[in-house]
Amino acid sequence: MAAPAQGRGRRAARRADRGGADLTVAGTPPEDGPTQTRVLRVARTEAADPEVPLPEYATAGAAGADLRANFAPEARAVGCLLAPGARALVPTGLRLEIPAGFEVQVRPRSGLALRHGVTVANAPGTIDADYRGPLGVILVNLGAAPVRLRHGERIAQMVLAPVTRARFEAVEALSDTPRGAGGFGSTGRG
Ligand SMILES: O=c1ccn([C@H]2C[C@H](O)[C@@H](COP(=O)(O)OP(=O)(O)OP(=O)(O)O)O2)c(=O)[nH]1
């Protein structure tokens with residue numbers, strides 16, 4: 001079971017009462033530590049089970065906060081059976097308000113990938129700062145056996161990451177480098 005939320009102020013609690021909440025920061029180092037922390041506002045979807053914990057960092061040094069499956073009421077008892085080779089859009093029951101200048105990356109959990117071959121089909125999934133819809137995780141079963149995903153189970157992890165956008169400038173020629181056009185294994189193996 002997830003660790004209890006820490007450091008949630010009265011404002012965050014009030015927001016939670018209205019259906020939104022600040023990202024739970026259990027396991028986050030103190031504010032004056034080397035790790036940057038940002039408030040990421042989270043709202044539960046209408047169909048979400050509020051008993052499923054918000055994303056949480058499992059340890060003080062974790063880069064990703066674990067995301068849990070949050071199925072609609074009629075699917076909660078059975079979850080989702082992922083046949084070998086099959087994909088599913090698994091609901092997290094969450095909507096995010098990502099701060100401007102950031103994105104959220106949805107990445108696989110290595111344990112699920114190693115033990116069952118279950119990974120994120122579009123890894124890393126990109127959640128845009130201006131997206132306000134439900135956060136879904138596209139899981140694929142690359143293993144040989146069917147895998148049942150259970151309601152409330154940790155299925156993936158999300159990383160809040162800064163974004164640098166490009167301003168594209170069309171030019172006639174690019175600067176020279178020793179690599180030039182060599183790629184795709186041009187430096188050999190070993
Ligand atoms: O794993 C994912 C990937 C995306 N999204 C949501 C958030 C994201 O901001 C939006 C669009 O994602 P993306 O840009 O990857 O999808 P697209 O296929 O390019 O669709 P669009 O035309 O809507 O941008 O869908 C998810 O919930 N989970």
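**Around the ligand**

I began with Asp 128: an N or O atom in its side chain is 2.5 Å from an oxygen atom of the ligand. This counts as a polar contact, a pair of N or O atoms within 3.5 Å. I noted that the model is predicted, that local features need pLDDT of at least 70 and side-chain atom pairs pLDDT 80 or more, while totals for chains, interfaces and linings use all residues. Residues are numbered from 1 along each chain as its sequence is written, and side-chain values use heavy atoms, leaving out hydrogens and water.

Next I looked up Asn 122, where a polar side-chain atom lies 3.0 Å from an oxygen atom of the ligand. At Gly 136 I found a backbone N or O atom 2.8 Å from a nitrogen atom of the ligand.

How much of the ligand does the protein bury? Taken alone, the ligand exposes 570 Å², and the protein buries 49% of that (Shrake-Rupley method, 1.4 Å probe).

I then listed the surrounding residues (a heavy atom within 4 Å); among them are Thr 126, Ile 127, Tyr 131 and Leu 135.

**The sheet**

I traced an open sheet of 5 strands in the order β3-β4-β12-β7-β9, with antiparallel pairing. Strands here are DSSP E runs of at least two residues, numbered from the N terminus, and two of them pair if DSSP finds at least two bridges between them. The edge strands, β3 (56–57) and β9, each pair on one side only.

I also checked β4 (residues 65–68) and β12 (residues 154–162), which pair over 4 bridges. There, Asp 66 stands opposite Gln 157 in β12.

Technical notes:
A polar contact is a pair of N or O atoms within 3.5 Å; within protein, one must be able to donate a hydrogen and the other to accept it, and residues adjacent in sequence count only if both atoms are side-chain atoms.
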